[in-house]
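Take a look at the model below.

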Amino acid sequence: MSSIFKEGIFQDKRILVTGGGSGIGKNIAQRYLELGAQVMIASRNKEKLQAAQKDLSSFGDCHYGICDIRKEEDIESLTKHITEKMGGLDILVNNAGGQFPSLAEDLSKNGWNAVINNNLNGTWYMTQAMAKAFFIPAKSGCILNIIVNIYRGFPGMIHTGAARAGVDNMTKTLSIEWSKYNINVNAIAPGLIFSTGFQQYPEEIRAGIAKKIPMKRLGTTDEVADLATYLTSSVAVYITGETVYIDGGSRLHGDLYEM
Ligand SMILES: NC(=O)c1ccc[n+]([C@@H]2O[C@H](COP(=O)([O-])OP(=O)(O)OC[C@H]3O[C@@H](n4cnc5c(N)ncnc54)[C@H](OP(=O)(O)O)[C@@H]3O)[C@@H](O)[C@H]2O)c1
């Protein structure tokens with residue numbers, strides 16, 4: 001592990017990472033475990049979660065819960081499972097999500113609704129449920145939303161651009177409304193990160209894309225995990241309502257793919 005944090009800085013912290021069975025979420029979960037936290041990873045695919053839990057258990061106390069963030073009943077059982085396994089929750093990382101490339105004029109109503117439902121509604125359902133079950137009663141908590149680089153819109157993926165802009169705005173609103181409960185709320189907006197999610201995009205999108213990023217490379221899941229641990233740590237509690245971009249400069253300059 002290479003970390004700027006002292007050992008055990010997340011000792012006694014109970015953390016939920018949605019989508020923690022793969023890619024960015026799995027790396028974030030690993031960082032927390034390495035730094036002393038108990039972690040629950042949650043998503044839909046049991047086999048993926050079991051394999052990830054097996055890997056992550058070598059770093060610390062890792063649990064898994066099956067949960068589709070779009071389903072109220074799943075979130076309710078996850079809440080119970082968190083109470084049983086960890087006795088409560090201190091930090092929620094909303095990392096679960098997904099999207100697919102489509103020009104706006106070709107996008108079907110189903111495609112639009114599916115991505116809005118997952119990336120915006122699902123994130124909200126999870127956020128409200130965890131806050132009401134754990135953070136508001138405890139008058140303490142921390143929420144981190146993983147969105148995407150939407151600085152100049154999201155040409156080529158209008159559905160997720162709109163959904164993530166919703167979460168970006170939610171981040172600001174909740175940071176104010178829930179400051180009375182001592183809950184801080186921030187977001188990370190990654191540019192292109194070399195991860196399982198990125199590898200699912202078609203070859204014509206991935207080929208040569210690194211050259212179009214001002215820093216001439218993709219980001220790493222380690223870099224996102226380091227930022228996530230910083231923003232949810234005890235040294236960052238005065239930061240709230242903020243979205244931090246981690247994108248090698250691509251929000252400011254360059255076109256990633258041909259329209
Ligand atoms: N990689 C990038 O370049 C990049 C850039 C910006 C933002 N992001 C965002 O960062 C997050 C992680 O991305 P990644 O690259 O690590 O991709 P990934 O491996 O595909 O991770 C997405 C995770 O979300 C889970 N998930 C999706 N829909 C869900 C649902 N309805 N309920 C519960 N879990 C759900 C998936 O698990 P199950 O299949 O088991 O449900 C999966 O583990 C995503 O939100 C992604 O959009 C990625």
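Which of the 30 residues around the ligand come nearest? They are G19, G23, N45, G97 and G197. Keep in mind that this model is predicted.

Now take the shell as a whole. Sorted by class, it holds 16 polar, 10 nonpolar and 4 charged residues. At least two shell residues come from each of α1 (23-34), α4 (109-138) and α6 (196-199).

Next, turn to a loop. G191 sits between β6 (183-190) and β7 (193-194). Is G191 buried or exposed? G191 counts as buried, because it has 20 C-beta neighbours inside 10 Å, and 20 is the number at which a residue is called buried. What does G191 touch, leaving out residues up to four places away in sequence? Its contacts are N149, I213, G219, I246, D247, G248, S250 and R251. For a sense of distance, pick F59. It is 132 residues from G191 along the chain, and the two C-alpha atoms are 27 Å apart.

Nonpolar side chains tend to be buried together in soluble globular proteins. Here the largest nonpolar core has 64 residues. L16, V39, I41 and V93 touch the most other members. α4 gives this core its largest share, 7 residues. That helix also supplies at least two residues of the ligand shell.

Beyond four places in sequence, V93 touches I15, L16, V17, T18, I28, L144, I146 and A228. One of these contacts, L16, is itself among the core residues that touch the most other members.

Methods. Residues numbered from 1 in each chain as written. Predicted model: local features only at pLDDT ≥ 70, side-chain atom pairs only at ≥ 80, totals over all residues. Near = placed C-beta within 6 Å. Helix = DSSP H or I, 4+ residues; strand = E, 2+ residues; numbered from the N terminus. Nonpolar A, V, L, I, M, F, W, Y, C, P; charged D, E, K, R; others polar. Buried ≥ 20, exposed ≤ 12 C-beta atoms within 10 Å, placed from the backbone. Contact = placed C-beta atoms within 7 Å. Core = buried A, V, L, I, M, F, W, Y, C linked by C-beta atoms within 7 Å.
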